[in-house]
Each structure stands twice: as structure tokens, then as C-alpha cells.
Amino acid sequence: MSYRVGIDIGGTFTDFALLKDGLKDGLKDGQVILHKNLSTPQDRSIGVMEGLETLAGKEGLSLGEFLTRCEAIVHGTTVADNILIEMDGAVTGLITTQGFRDEMEYRRGYKESIWDVRLEPPIPIVPRRRRLTVPERVLADGSVHEELDEAAVRGACARLRKQGVESVAIGLIFAHVNGDHEDRVAQIVAEEMPGIPVSLGHRILSRAPEYDRISTTVVNAYVAPRVNAYLERLVSRLAQAGYARQLMVMQASGGVMTRAYIEAAPIRLLASGPAGGVIASARTGGAKGYRNLLCVDMGGTSYDMSVVRDGAAPAEAGWNMHHRYLVGVPMVQAETLGAGGGSICHIDKGELKVGPASAGAAPGPICYGRGGLRPTVTDALLMLGILSTGEGFAGGSFRLRDEGVAEAFAALGAELGYDAQQAAFDCWRLVNANMTQAVRRTTAAKGMDPADMMMLAYGGNGPAFAAIQAQDLGISQVLVPRASPTFSALGTLVAHPAIDEERSCSAPADALDLDRLRGLWADLAADAAEHFGEAGFSADAVQARWRVAMRYAGQNWALTFDLHEGRGLDDLGFVDDTLSARAIAAFNARHLAEYGHVREGEVPEITGVRLTAQVETPMPPAGGGFTAPVVEPAPHGYRRANLGDGFADVAIHKGPDLLPGARVTGPAIIEEVFTTIAIYPGWQARVDDVGDYLLVRQS
């Protein structure tokens, strides 16, 4: 028996998905095992090891025996995101070109809410006193206009040393075209500040413009020491316990790669947890014939929303504002809201609010019985009867308690003039309204109507709100996979090992230097072959997409699209005399589709080349129709609950007892092992052939 394990660490729970033997021939029922345990914020690797030991016990094995049988352990984590949320990363310094000290504060004049006169600027990762400049200048063509002043670099190192800098970002102008000066600065930093990690702009993000590159490099420098230290602890613990293979890590781009690859640019871990869920959504929805999805993930700490269009969750490299900082590496698009089961309900200036502060895993909601004193969304669900104290919570790892919950909501309601139950209900209404409005804002910005999509809900709390939120958005169908409580963990196993890299190249599209383009793609291919080789994959197994970024002269943004696709990393025969004409035609078609027009007679320019490469790996099937006969099972029991229309006796069903073909009509509650599915009045749930739930609004 062999295993593959997917892991996703959230702010409250650490999720596991275990895939058992038989992957190459297709999985059978029972070969996917889910598990959750509370995260361990003091050292998240401890929670990972605790969960692995539990999975080993379920298989009747010691941890060492289990790990020796693991073909792969794939890990997604919010460690990098938490650093930016809590602003407790490394003391970071920046060395940049003279005259560009304030690039980070100018932010291209960008402000998230232009009408909010009280909106403060983001907390500076690198305050001005640690942003130092040195005389040097490289021009846009890569030529050296002014040599690097090495004495100034050593002086900057001395100043950074005195300020206790723990990580250094180096971002010089046009280093993406000629990185020699940045490389030399890095050498001097290593001499003057031994042991201090360095982030080089032209290696972290090899493209223009300078703000994108410097911001991305600074964020990388800020998170790198803690992220790499965490991964080192986890790898060490796994090795000591008997795991002999490479740890694979989920990236923001939706692919996975070795820990060694991530170590060079830990910024690629940002939003890796949400990315796993989106990739799993695209896979699951596509297999069932649902190619346009609104994906909603409500966990213990946050609510993540993303969109899958035409069966794909593309990773965009560009204007990704993440935690108020621009991150230019490829990222699957997901919007995050501080709305989870642990979000704290409170009064602010006489107004009821939910979140963004969270009780997290420690102490957690009041009902966890771990010392929490402030009411949360999970406590509200318990007050409303949607959750129960009757049986084990989160797979039986512990039981919810009602001691102190009613009192907390009574105190909250007293400030607003009503009782505890009304306070809990209003918290439920408010958090749902917050999530619904976040969806409306995001989809409107994309020119999309949620009513045209199917909702796919996952996370421990997503199914408890999905149907009522869909109803508010005009959506009539909701898909809730049975694996939804640990969907992002399952997504790390669905994701393919992948690398997505780019190189800058600026030239009119009708005057291309084919040898240079071929050389840039060849360099990208060589790097990819090395990293895939370290992961145990041959270059012949790699599916490569050779891509190009283009724009019209004067445009700020370039469009990236495929020029060629094939197997292997040496397939460069497409770089020939027809490349220019093919690229122009493809760009005009893409520009017309994206913006509705083309500039007739105007020649676009190439701004860079990109290689997206992946290796397909075994994964569980995700299909499932409705061929089983319809059965309306008797409820397990009844419970007083409020599903939006006041308290009533609501039917309770046990998810593990519902077989394919089962149909449950609301109002009802389905208690799965790790989540609760609320079937609101006017909704019906059906179980498909693989055990997933389809919620349908009745006309």
C-alpha cells in the first residue's frame, strides 16, 4: 500500500487529504481519507506532524512506516500570508539606485479606495531609513551608463547593519535587462553582512516596470527568513520521522514544486492555500460538466472567493495587490475577506461588526472551550442550532460546548437593545451580507453576473452559508463536494508539479531577434529541466507552453498568451521566420477579445517571454452523475434551529448515511464528518454517484 498526502494549513485548522493505492488505475470508494486537526500557531510544523501521525494510526501503521510508504507529501500553507497580515516578518532593508528611494511609497499613485479620505497607507515593510541608494545606472538596452559605486554599497551595508537588518532586498533600475550590478551588490552584502539572506530583483521578477519588481522583491525579502525557517523545520521533522522523499509545496500559481525551488523565492507561497482550493474546484467542476464556477471557501479565519471560467483557473502575473502590496509573480486570482468561523462579533462605535479579527485556533471560539471569551460566527451558528453540542466536532477531535455562549451574545445584544438569540441571528445575517457584497464587488469588477455561474462551496464553514448566499446572488445551484472540508488540501494533490517563469525582452514585434528569443526560452527550459529533475521528473514528461507578453506602444499592461504547446523542453522549432506574423495575429485576436478593439495598422511590441511547464500526476476521479434511484431518507432526528425564518424543528441527516440518489428537502441540516450543510427553506440537496452534493433552489 502506498500513499499521497495533501496538507493545507489554515489559521484555525490544518487539513489533510490522504489518497491511497490504485491511483494509476482510478480510485475506488473509500480511498480518499480526510482529516482535520487544530493548527499550532507557535510552530505550525507540529500540527502537520500530529495530523500525519493520526493518519498513520488510521491505517494501522506507525508514523515511520506510514512515511516510508508515502510517494508524495504536498503542502500548502498560509505562513507567508500570516506574516503580511500580522506584519511580523524580518527587519528588511532595501538597496536601490540613487534617485529611486521612494518607489515603494509612490505605489504608482494607487489607492485601494479612492473615495476613502481616512484610508491610511499600508504599513511600510521597509521604512525610509532602511531604504538606501547607491550611485549606478543601467539603461533600458542593458548598457551601463554609470558604474556601480562599490564603496557606497559597503557604506549602505554598514548603515543597515547598525539598524539590525535581517534580510536585504536589492532592486536596481533595469536590472531585469542586465543583472550584473545587482549580482555584485549581492556579493558585497555577503561580505559585509555574512549570513543575511538576500533577495535579488532580477531573479525574483525578471521584468519591468521597476515598481512591480521592487515591491515583489521587498515582500519576498520580508517573508523569506520565516518561511524558509518553517519549511526547514518541517523538512527536518519529516526526515527524522522517516520520510525520505522531497517535500512538494503548493505555489500561488496553482502548481506544486520542490521545497528547494520555493526556497529561492518564498513569495511564491503567498495564497497557496486558496490556490489549492481553486485548482480542485476547476478539476471537480470540469469533470461534472460545470465549467463556470463561483468558488467560495469559508474556513475558520477567512473567506476566499474566486472564479473559474471555461474550466480554467489561470494564474495571472501582474497587478496582484496582496495584503496591500503588489506581488508580480503568477497567482491564481482569489479575493480574501476576514470572515470565517472564528471571526469575532463586536460593537464598533455603536455598530455591529463581524471580523476581520479572528479567535483563530487559540483560544478559538467560546464553544471550543479553550479559553475564548468573545463571541464568533461559530458561536452564532451554535446559538442558532445549525451546529450542535451533541456529537464530536471536526471529525470527533473535540466537542462544542454551550457554556458562556448565550451570555456572550446577551452582553453583545444588550448594547444594541435586544436578546442573545437576536444578536446571534444578526451576526449570522451580517457575516453573510459581508460575503455576498464581496462577491458582488469582485464579479462586477470583472464584468460578470454571479447568476450565470454555479457556486462551488468548500471549507469547514462554506456549506453552512452556501445556499442562502447563492439565493441572495441569484444563483440557483450549489455544488458541495463531499471532500469540501479539506478541499484545499485535496487541491494540492490535484495540482500538477509546475514551473512558471519569465524573462524580459523588449522589441517591436516585426523586428524580432530570433536568436535572442530562442536563447531566452532555452535558458528558461534549462532551469525548468533542472528543477523537474530534482523533483524526479524527466524533461520528456514535461508539458510546456511557450508564451509571449505583448502590448501596443504606450500601453501600461501587456497581454500574455500561448504561442506554442508541446511535450518536452527542447521543442523550440516554432521560433522561425513566421514567428513575428503569428505573434502579431495572436496578439490582435487576444486584444480584441479582451478589450473589444485593435489598433489597425499599428505594430505591437514584445515585452517578455514566458514558459509555463507542468508534469501530469495521478489524481482521483471527480465525475459523478445522477444514475442511482432517488431515495428520500428518513431524518436521523430533529433539532430546534433558525435557518432564516425563525426557530423551528429542523430535520437532521447524517452525511455518511446518505448514499448516491438520496434527496433531502429543506429546511434541513446535513451533518458531515468535518462540516455542516445547511439546506435552507426552498432548497433541495441531492447526492450524486460519487457522493457529492448538488443543492438546487426550488421554483
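Here is a walk through this predicted model, from its domains to its helices, salt bridges and backbone details. Residues are numbered from 1 along each chain as its sequence is written, and side-chain values use heavy atoms, with hydrogens and water left out. Because the model is predicted, local features need pLDDT of at least 70 and side-chain atom pairs count only at pLDDT 80 or more, while totals for chains, interfaces and linings use all residues.

Let us start with the domains. Their bounds come from an automatic or database domain assignment, which gives domain 1 (2-84 + 229-269), domain 2 (91-196), domain 3 (343-430) and domain 4 (498-615). Take domain 1 and domain 4 as a pair: their centres, taken over C-alpha atoms, are separated by 34 Å. Where the two meet, 10 residues of domain 1 are in contact with eight residues of domain 4, contact meaning heavy atoms within 4.5 Å. The size of an interface is often given as the accessible area lost when the parts come together. Here that buried area (the accessible area, with a 1.4 Å probe, that two parts lose on being put together, summed over both) is about 730 Å², with 53% of it on carbon and sulfur atoms. On the domain 1 side, Met257, Tyr261 and Arg268 supply 55% of the area buried against domain 4, more than any other three residues.

Arg268 also takes part in a salt bridge, which is a side-chain nitrogen of Lys or Arg within 4 Å of a carboxyl oxygen of Asp or Glu. Its partner is Glu501, and their closest N and O atoms are 3.2 Å apart. Across the interface of domain 1 and domain 4, the rule finds one salt bridge.

What is the count of salt bridges by this rule? It comes to 40. Side chains of opposite charge can pair when their charged atoms come close. Arg207 and Asp212 form a salt bridge with their closest N and O atoms 3.6 Å apart. Arg207 is buried at 11% relative accessible area, and Asp212 is buried at 2%. Asp348 and Lys353 meet at 3.2 Å, N to O; Asp348 is partly exposed at 29%, and Lys353 is partly exposed at 31%.

The salt bridge between Glu605 and Arg551 has an N to O distance of 2.9 Å. This pair links distant parts of the chain, 54 residues apart, with Glu605 in strand E29 (residues 605-614) and Arg551 in strand E27 (residues 543-551). Helices (H or I, at least four residues) and strands (E, at least two) are DSSP runs, numbered from the N terminus. Glu605 is buried at 18% relative accessibility, whereas Arg551 is partly exposed at 25%. Elsewhere, salt bridges that share partners join Glu150, Arg154, Arg161, Arg184, Glu191 and Glu192 into one network.

Now to the helices. The expected span of a helix is 1.5 Å times one less than its number of residues. Which residues of H6 are buried? They are His181, Glu182, Val185, Ala186, Ile188 and Val189. These residues cover an arc of only 165° around the axis, so they sit on the same side of H6; the arc is that of the directions from the helix axis to the C-beta atoms. An α-helix has 3.6 residues a turn, so residues three or four places apart point the same way.

Helix H1 (residues 44-58) has 15 residues and should span 21 Å; its end C-alpha atoms are 22 Å apart, which agrees. Among its buried residues are Val48, Met49, Leu52 and Leu55. Gly60, with a positive phi near 70°, follows H1.

Finally, the backbone. Most residues other than glycine have a negative phi, and most peptide bonds are trans. The peptide bond from Gly355 to Pro356 is cis, with omega near 0°, and Pro356 lies in strand E21 (residues 351-358). Another cis peptide bond joins Gly666 and Pro667, with omega about 5°. Lys349 has a positive phi near 55°; it is found in the loop between strand E20 (343-348) and E21 and is exposed at 86% relative accessible area.

Technical notes:
Buried < 20%, exposed > 50% of the residue type's maximum accessible area, 1.4 Å probe, protein only.
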